[in-house]
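Trainee: I would like to learn how to read side-chain contacts and strands in a model. Could we go through one example together?

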Amino acid sequence: MAETMAVSYRWQHESVEVAEGASVNMTVWQMRTLAETIRRSTALYVWLDHLSVPQEGHRGLMKTLLSRMMAVYATAGITLALRSSEPEGSRYHQRGWTAQEYCTAGQMIVITQQPEGGEDEEDAVGRAEAAFIREEEEMMRDARAWWRNRARRCKPFWLFRGVAHIGLPQLQASMQMYEEVASRVITEKPADLLRSLYPLLFHVPVADQEELVQLVEEINTRLGREEAGMFHLTAVTRKRLHVDYNAVDGDEEDEAVVG
């Protein structure tokens with residue numbers, strides 16, 4: 001991944017066709033900024049979630065890749081963060097997946113869409129759309145610094161088979177940070193909050209969804225608490241850790257939504 005540029009951006013509801021059979025869910029500003037950055041960079045490859053992760057079919061592969069998203073941004077040679085102008089609730093620093101990408105990225109380029117008229121972002125509060133507001137930017141910078149200061153503690157679940165190696169004070173501190181960040185960010189699906197933030201803030205990367213289920217259960221057992229979002233992540237057959245990919249209502253599938 002050293003020669004790869006990973007792109008972190010807010011997914012759009014509408015997609016634009018960029019080639020035959022390929023479309024990208026970006027605004028005109030996002031696409032133009034990405035193209036300009038690619039032309040100036042020396043990266044040989046570009047990781048774009050919407051194209052790199054299967055969006056239809058291949059459900060097992062999709063779930064596995066989503067579980068390993070931390071590794072993509074942590075090992076990429078450079079990460080491009082596009083902070084586009086968005087409505088309240090959709091800004092870059094308000095979303096769970098972009099929080100994970102922003103915090104784990106090593107070398108990073110952050111490009112912010114400037115507001116019309118050139119207003120200062122300090123005055124973004126109250127506007128219909130904005131790229132960010134100071135309070136949420138500062139919160140996410142603190143979360144990034146918190147993660148990076150503890151990055152040496154990062155130990156993959158598949159190597160250590162659980163969280164027994166993590167001391168209780170460390171687990172408690174991580175849970176406090178998790179609850180703080182989780183209260184400030186949004187995901188399309190309840191389970192995506194766990195997918196994006198648990199491996200990040202507890203410094204335990206997972207290889208697949210089954211390991212994610214085990215990670216969440218073990219942490220909450222150690223802390224003597226229950227994770228409400230777990231209901232959306234797995235079926236009641238937790239003892240055997242069989243993952244049920246159907247949503248709570250039994251009709252719609254719990255598709256993870258990145259970005």
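Trainee: Which residue lies over the face of Y102, and at what distance from the ring centre?

Mentor: This is a predicted model, and in it R144 lies over the face of Y102, at 5.8 Å from the ring centre. A second case involves R83, whose charged end sits over the ring of F132 at 4.1 Å from its centre.

Trainee: How many aromatic pairs does the structure hold?

Mentor: A pair of aromatic rings is described by the distance of the centres and the angle of the planes. The structure holds four such aromatic pairs. In one of them, the ring centres of Y92 and Y102 are 6.2 Å apart and the planes stand at 75°, so this pair is edge-to-face.

Trainee: Where do Y92 and Y102 lie?

Mentor: Y102 belongs to helix α5 (96-104), while Y92 is in the loop between β6 (86-87) and α5; the pair therefore ties together parts that are 10 residues apart in sequence. Both Y92 and Y102 are buried.

Trainee: Which residues form an aromatic cluster?

Mentor: Y178, Y198 and F202 form one aromatic cluster.

Trainee: Let us turn to salt bridges. How many does the structure hold?

Mentor: Side chains of opposite charge can pair when their charged atoms come close. Here there are 10 salt bridges. One of them joins E136 and R91, with 2.7 Å from N to O. This pair links distant parts of the chain, since E136 is in helix α6 (residues 134-149) and R91 is in the loop between β6 and α5, 45 residues apart.

Trainee: Are E136 and R91 buried or exposed?

Mentor: The cut-off for buried is under 20% relative accessible area. E136 has 5% relative accessibility, so it counts as buried. R91 is also at 5% and counts as buried.

Trainee: What is the salt-bridge partner of R134?

Mentor: R134 pairs with E137, and the closest N and O atoms are 3.1 Å apart. Both residues lie in helix α6, three residues apart, which is about one turn of the helix. R134 is partly exposed, with a relative accessible area of 29%, whereas E137 is buried at 3%.

Trainee: And what does E227 form with R225?

Mentor: A salt bridge, in which the closest N and O atoms are 3.5 Å apart. E227 is buried, with a relative accessible area of 15%, and R225 counts as partly exposed at 26%. Elsewhere, salt bridges that share partners join R83, R134, E137 and R141 into one network. R83 is also the residue whose charged end sits over the ring of F132.

Trainee: Now a strand. Which way do the side chains of β1 point?

Mentor: In a regular strand the side chains alternate between the two faces of the sheet. In β1, T4, A6 and S8 point one way, M5, V7 and Y9 point the other way, and all are buried.

Trainee: How many of the residues of strand β1 are buried?

Mentor: Six of the six residues of β1 (residues 4-9) are buried, so the strand is largely enclosed by the rest of the structure.

Trainee: Which strands are joined to β1 by bridges?

Mentor: Three bridges join β1 to β4 (residues 45-47), and these two strands run parallel. Within that pairing, A6 stands opposite W47. Five bridges join β1 to β5 (residues 78-83), again running parallel. There, M5 stands opposite I78.

Trainee: What makes the nonpolar surface patch?

Mentor: W158, L159 and F160 make a patch of about 320 Å². L159 is found in helix α7 (residues 157-160) and is exposed, with a relative accessible area of 59%.

Trainee: One backbone question to finish. Which residue has a positive phi although it is not a glycine?

Mentor: H203, with a phi of about 55°. H203 lies in the loop between α9 (190-201) and α10 (209-223). At 2% relative accessibility, H203 counts as buried.

Key. Residues numbered from 1 in each chain as written. Predicted model: local features only at pLDDT ≥ 70, side-chain atom pairs only at ≥ 80, totals over all residues. Heavy atoms only, no water. Phe/Tyr/Trp six-rings, centres within 6.5 Å; stacked < 30°, edge-to-face > 60°. Helix = DSSP H or I, 4+ residues; strand = E, 2+ residues; numbered from the N terminus. Buried < 20%, exposed > 50% of the residue type's maximum accessible area, 1.4 Å probe, protein only. Lys NZ or Arg CZ within 6 Å of the ring centre and 35° of its normal. Patch = residues over 30% accessible without salt bridge, like charges linked within 9 Å, V, L, I, M, F, W, Y side chains within 5 Å. Areas by Shrake-Rupley, 256 points an atom, 1.4 Å probe, with all protein chains shown as cover. Salt bridge = Lys/Arg side-chain N within 4 Å of Asp/Glu carboxyl O. Pairing = 2+ DSSP bridges.
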